[in-house]
Amino acid sequence: MTTKTKIKNEMSLSFPSKSCNEAFARSAVASFIMNLDPTISELSDIKTAVSEAVTNCIVHGYRRTGGTIYIKGRITEDNKVTIKIRDKGCGIEDIKKAMEPLFTTAPEEERAGLGFAVMQSFCDKVKVKSTPQKGTTVTLEKIIGSENE
């Protein structure tokens, strides 16, 4: 028998896919989780992962042509933070390949191709769903307070 975890808080926001909004997204998500009293390390981890996901939307999803980035956040009573970052851009043909370290679709911008690897190193779980020509959703999960256990 599974028990459903209660939602403590939720949020959603959307903003234009401009580089200047990457810092806004990072700060907004950081503010959203502050009531969980995260460590500096936990806060930094989430901010970095969000930055990478938003940058992927701007650079790869919309290829700097403009669009809207959507973020949904959820905190459950077990202190699990789930952040979904979505674009309606070009999508990813091969998710497995895109998640390989050093793979990039923007070599002309001197991208290192480490975005997904960075997200995975800072989160407990990273899921990617994408449909070519329809967009991509990156789901980041992290339990706050697990560092203290």
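Let me begin with Glu-22, which sits in helix H1, residues 21-33. Please bear in mind throughout that the model on the screen is predicted.

Is Glu-22 buried or exposed? Its relative accessibility is 17%, and because the limit for a buried residue is under 20%, Glu-22 counts as buried. What does Glu-22 touch, once its neighbours within four places in sequence are set aside? The contacts are Ser-51, Val-54 and Thr-55. With Ser-51 there is also a polar contact, made from side chain to side chain at 2.5 Å. A further relation can be seen with Ile-69: 47 residues separate Glu-22 and Ile-69 in sequence, while their C-alpha atoms are 10.0 Å apart in space.

Strand E1 covers residues 7-16, strand E2 covers 68-76 and strand E3 covers 80-87. How do E1 and E2 pair? They run in the antiparallel sense, over 9 bridges. E2 and E3 are likewise paired in the antiparallel sense, here over 7 bridges. E2 and E3 form a hairpin with 3 residues between them. In that turn, Asn-79 has a positive phi of about 65°. As a general point, side chains in a regular strand alternate between the two faces of the sheet.

Next, I would draw attention to Arg-86, whose place is in strand E3. The relative accessible area of Arg-86 is 31%, so this residue is classed as partly exposed; that class lies between the 20% and 50% limits. Which residues does Arg-86 contact beyond its neighbours within four places in sequence? They are Cys-57, Thr-68, Ile-69, Tyr-70, Thr-136 and Thr-137. For one of these, Thr-68, the separation from Arg-86 is 18 residues in sequence and 8.6 Å in space, C-alpha to C-alpha.

I turn now to the empty space in the model. Rolling a probe the size of a water molecule over the atoms shows where such space is left. The second largest pocket has a volume of about 350 Å³. Its lining consists of 14 residues, and those nearest its centre are Ile-7, Glu-10, Arg-74, Thr-82 and Lys-84. Strands E1, E2 and E3 are the elements that each give two or more residues to this lining.

How many cavities of 30 Å³ or more does a search of the whole structure find? The search finds 1. The largest cavity holds about 40 Å³ of space. Its lining is made up of Ile-46, Val-81, Ile-83, Cys-123, Leu-140, Glu-141 and Lys-142. E3 and strand E5, residues 135-143, each supply at least two of the lining residues. Which element gives the most to this lining? That is E5, with 3 residues. By class, the cavity lining has 5 nonpolar residues, 2 charged ones and no polar ones.

To close, let me return to strand E3: it pairs with E2, carries Arg-86, and supplies residues to the lining of the second largest pocket and to that of the largest cavity.

Technical notes. Residues numbered from 1 in each chain as written. Predicted model: local features only at pLDDT ≥ 70, side-chain atom pairs only at ≥ 80, totals over all residues. Heavy atoms only, no water. 1 Å grid on protein atoms, 1.4 Å probe; cavity = no way out; pocket = protein on both sides within 12 Å on 5 of 7 lines; lining within 4 Å. Points joined across faces, edges and corners; volume = space filled by probe spheres on them. Helix = DSSP H or I, 4+ residues; strand = E, 2+ residues; numbered from the N terminus. Buried < 20%, exposed > 50% of the residue type's maximum accessible area, 1.4 Å probe, protein only. Contact = heavy atoms within 4.5 Å. Polar contact = N/O pair within 3.5 Å; in protein donor to acceptor, adjacent residues only side chain to side chain. Pairing = 2+ DSSP bridges. Nonpolar A, V, L, I, M, F, W, Y, C, P; charged D, E, K, R; others polar.
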